[in-house]
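Dear colleague,

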Amino acid sequence: MLEETKLVTSLQPQAFSGASAGDAVDTVGYDEAVVIFACGVIAANGTLDVKVQECDTSDGTFTDVEDAVFSQKTPTTDQAMYAGYIRCEGVRKRWLKAHATQATAAATGAVAFLLGGKNFTGAPQSFAFNV
């Protein structure tokens, strides 16, 4: 199984400021992706929204993947790990990226994609989203 997986960071660990688009992740040759969101500290009254976007090319205009959105994170839901599941092959456009939007107060975090072959993820029903 390990030879069929690849871990790629889209949003490096950082303090977010406004909207931040992650690096594009090439999904060619992979059937599925687990989106791993490491939510860091969010200051009082702050929020952090993270979603997944897709595009046919690495440098084109990315659009939101319908329903591939983590619930908004606040100081009461920060400092935790979250995961979502995306079917890639034949369903999605080739390139995926994370997009984060911070508002009101400081927020930190990171997002990575764990790409893999068919059915490598186990039980997708335990993810924040399954698209």
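The notes below go through the sheet, the core, the aromatic residues and a few single positions.

Please bear in mind that this is a predicted model, in which local features need pLDDT of at least 70 and side-chain atom pairs count only at pLDDT 80 or more, while totals for chains, interfaces and linings use all residues. Residues are numbered from 1 along each chain as its sequence is written, and side-chain values use heavy atoms, with hydrogens and water left out.

To begin with the sheet, 4 strands form an open sheet in the order 1-9-4-7, with antiparallel pairing. Strands here are DSSP runs of E with at least two residues, numbered from the N terminus, and two of them pair if DSSP finds at least two bridges between them. Strand 1 and strand 7 (80-87) stand at the edges with a single partner strand each, so one side of each is left without a neighbour in the sheet. From one strand to the next the twist averages 15°, the axes being lines fitted to C-alpha atoms and the angles running from 0 to 180 degrees between N-to-C directions. Within this arrangement strand 4 and strand 9 run antiparallel and are joined by 9 bridges, and Ala-33 stands opposite Leu-115 in strand 9.

The largest nonpolar core has 27 residues, of which Val-35, Leu-48, Val-52, Ile-86, Phe-113 and Phe-129 touch the most other members. Such a core is a set of buried Ala, Val, Leu, Ile, Met, Phe, Trp, Tyr and Cys residues joined through side-chain atoms within 4.5 Å, where buried means under 20% relative accessible area, exposed means over 50%, and partly exposed lies in between (1.4 Å probe, protein chains only). Two or more residues each come from strand 1 (6-16), strand 4 (32-42), strand 5, strand 6 (63-69), strand 8 (95-103) and strand 9 (107-116), and strand 4 gives the most, with 5 residues. Not counting residues up to four places away in sequence, Val-52 touches a set of residues that includes Val-35, Ile-86, Phe-113 and Phe-129, a contact being heavy atoms within 4.5 Å.

Turning to the aromatic residues, rings of Phe, Tyr and Trp (its six-membered ring) pair if their centres lie within 6.5 Å, and planes under 30 degrees apart count as stacked, over 60 as edge-to-face and the rest as tilted. By this rule there are 2 aromatic pairs. The rings of Phe-37 and Phe-70 have centres 5.3 Å apart and planes at 55°, so this pair is tilted; because Phe-37 lies in strand 4 and Phe-70 in the loop between strand 6 and strand 7, the pair ties together parts that are 33 residues apart in sequence. Phe-37 counts as buried at 1% relative accessibility, as does Phe-70 at 2%. Phe-37 also pairs with Tyr-82, with ring centres 5.9 Å apart and planes at 35°, so that pair is tilted, and it links distant parts of the chain, since Tyr-82 is in strand 7, 45 residues apart from Phe-37 in strand 4. Phe-37, Phe-70 and Tyr-82 form one aromatic cluster.

Some single positions remain. Glu-54 is in strand 5 (residues 47-55) and counts as buried at 9% relative accessibility. Its side chain reaches the backbone nitrogen of Lys-93 at 3.1 Å, and, leaving aside neighbours within four places in sequence, Glu-54 is in contact with residues including Arg-92, Trp-95 and Leu-96. Thr-47 lies in strand 5 and is buried at 14% relative accessibility.

Asp-64, in strand 6, is partly exposed at 44% relative accessibility. A polar contact of 2.9 Å joins the side chains of Asp-64 and Gln-53, the term meaning a pair of N or O atoms within 3.5 Å, of which, within protein, one must be able to donate a hydrogen and the other to accept it, with residues adjacent in sequence counting only if both atoms are side-chain atoms. These two residues are 11 apart in sequence and 4.2 Å apart in space, C-alpha to C-alpha.

Lastly, Asp-67 in strand 6 has a positive phi of about 70° although it is not a glycine, and Asp-67 is exposed, with a relative accessible area of 55%. Thr-104, in the loop between strand 8 and strand 9, has a positive phi near 75° and is exposed at 69% relative accessible area.

With best wishes
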